[in-house]
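Welcome! Take a moment to look over the sequence and the 3D view, and then we can walk through a few details together.

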Amino acid sequence: MTLSTSSPSGVVSARTVLMKVNDGEKLLFESEDFSRKGRELAANPRAAMTIYWKEVHRQVALTGRAEVLPDEVSDERWRLRGRPNQAASAATREGATIASLAEELELHDKVDALAGSPGDIPRPESYRAYGLYPDVIEFWEGSDTRLHRRVLYEKTPAGAWQWRRLQP
């Protein structure tokens, strides 16, 4: 899915992330505190997610509040990661500048060594599970006639969902 965040000054950024869990209340994804998305969510917890299925002409767009989930959730998500992914997260700083090809190759060697080492790889303190709690969800169904079907759900202050159809 595409996750969109913004800086405190309103500069928007988007990237593709894996949605790990949708429990009906929140959509779960993972990141590092110091990554661009982690810094932006710390400064402005409003975010948007878009899930698009080109083959079937469907899209779901959600906006809401993103928050860091409890450490127990981050610990569980970390345990479920494959060892190469754990090693890459533990040995690198997501989004940090790499000064040279030699430094990049050194990072690869560091990740490979950590992945091949015995014992558990501890979860870095900066590795977090996040939950997006949507308050707006739009379902879009494409049509060859351009008369797309759109339905918008909005959460009321009381927590109920109201819906309405939108013109294409």
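## A tryptophan to start with

Does Trp-78 count as buried or exposed? Its relative accessibility is 3%, so Trp-78 counts as buried, the cut-off for buried being under 20%. Please keep in mind that this is a predicted model.

Helix H2 covers residues 71–80, and its buried residues are Ser-74, Arg-77 and Trp-78. Viewed down the axis of H2, these buried residues fall within an arc of 105 degrees, so they line one face of the helix. An α-helix has 3.6 residues a turn, so residues three or four places apart point the same way.

The face turned away from the buried side of H2 carries the exposed residues Glu-72, Arg-79 and Leu-80. As for the buried residues of H2, they pack against helix H3 (83–91) and against strands S3 (21–22), S4 (27–32) and S7 (127–141).

## Rings that pair up

There are four aromatic pairs. In one of them, the ring centres of Trp-78 and Tyr-127 are 4.9 Å apart with planes at 70 degrees, so the pair is edge-to-face. Trp-78 belongs to helix H2 and Tyr-127 to strand S7, so this pair ties together parts that are 49 residues apart in sequence. Tyr-127 is buried, with a relative accessible area of 2%.

Phe-139 and Tyr-153 are also edge-to-face, because their ring centres lie 5.8 Å apart and their planes are at 85 degrees. Phe-139 counts as partly exposed at 38% relative accessibility, and Tyr-153 is partly exposed at 28%. Ring pairs link Phe-139, Tyr-153 and Trp-163 into a cluster.

## A charge over a ring

The charged end of Arg-93 sits over the ring of Phe-34, at 3.8 Å from the ring's centre.

Note on methods. Residues numbered from 1 in each chain as written. Predicted model: local features only at pLDDT ≥ 70, side-chain atom pairs only at ≥ 80, totals over all residues. Heavy atoms only, no water. Buried < 20%, exposed > 50% of the residue type's maximum accessible area, 1.4 Å probe, protein only. Helix = DSSP H or I, 4+ residues; strand = E, 2+ residues; numbered from the N terminus. Arc of directions from axis to C-beta. Contact = heavy atoms within 4.5 Å. Phe/Tyr/Trp six-rings, centres within 6.5 Å; stacked < 30°, edge-to-face > 60°. Lys NZ or Arg CZ within 6 Å of the ring centre and 35° of its normal.
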